[in-house]
Amino acid sequence: MDWTMILMLGGLLLVMYFVMIRPQRKQEKEQNDMRNNLAVGDEITTIGGIIGKIVSIKEETCVIETSHERTKIRILKTAVSRVDVKAEDAE
């Protein structure tokens, strides 16, 4: 009786790992890789919905240009939601 309960609990934990934890870690890894591979000229969207082109990059931050008037905003790399157009694709 006790062994079946332990096996069922172990199986439940294994299923939870593959359904919940593993996909979340994979998504976090992809986000970190995307943020580490940002390049000058990439067109990005921030988590706040701001769209712009990267003009410079430092350790934790980057500066983006957001409009035709060349408005520049300094943001954290962690605020980048996605890369819309890579610099090499835009040319």
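This is a predicted model: local features need pLDDT of at least 70, side-chain atom pairs count only at pLDDT 80 or more; totals for chains, interfaces and linings use all residues.
View 1. Phe 18 has a relative accessible area of 45%.

**View 2. Tyr 17, the partner of Phe 18 in an aromatic pair.** Tyr 17 has a relative accessibility of 32%. Tyr 17 is therefore counted as partly exposed.

**View 3. The ring pair.** The count of aromatic pairs comes to 1. Ring centres of Tyr 17 and Phe 18 lie 5.2 Å apart, and the ring planes meet at 80°. The pair is edge-to-face because planes over 60 degrees apart fall in that class.

**View 4. Order of helices and strands.** The protein has 2 helices and 5 strands. Along the sequence they run α-β-β-β-β-β-α.

**View 5. Overall dimensions.** The C-alpha trace spans about 75 × 25 × 20 Å along its principal axes. The radius of gyration is 20 Å, whereas a compact globule of 91 residues would have one near 12 Å.

**View 6. Burial and contacts.** Of the 91 residues, 21% are buried. Take the contacts between residues at least 6 apart in sequence: 37% of these join residues at least 24 apart.

**View 7. Surface and charge.** The accessible surface comes to about 7300 Å². Carbon and sulfur atoms hold 58% of that surface. The protein carries 13 positive and 14 negative charges. Their mean positions are 2 Å apart.

Notes
Residues are numbered from 1 along each chain as its sequence is written. Side-chain values use heavy atoms; hydrogens and water are left out. Rings of Phe, Tyr and Trp (its six-membered ring) pair if their centres lie within 6.5 Å; planes under 30 degrees apart count as stacked, over 60 as edge-to-face and the rest as tilted. Buried means under 20% relative accessible area, exposed over 50%, partly exposed in between (1.4 Å probe, protein chains only). Helices (H or I, at least four residues) and strands (E, at least two) are DSSP runs, numbered from the N terminus. The radius of gyration is taken over C-alpha atoms; the globule rule is 2.2 Å times the number of residues to the power 0.38. Contact means heavy atoms within 4.5 Å. Accessible areas come from the Shrake-Rupley method with a 1.4 Å probe; for residues, only the protein chains shown count as cover. Lys and Arg count as positive and Asp and Glu as negative; His and the chain ends are not counted. The place of a charge is taken as NZ of Lys, CZ of Arg, CG of Asp or CD of Glu.
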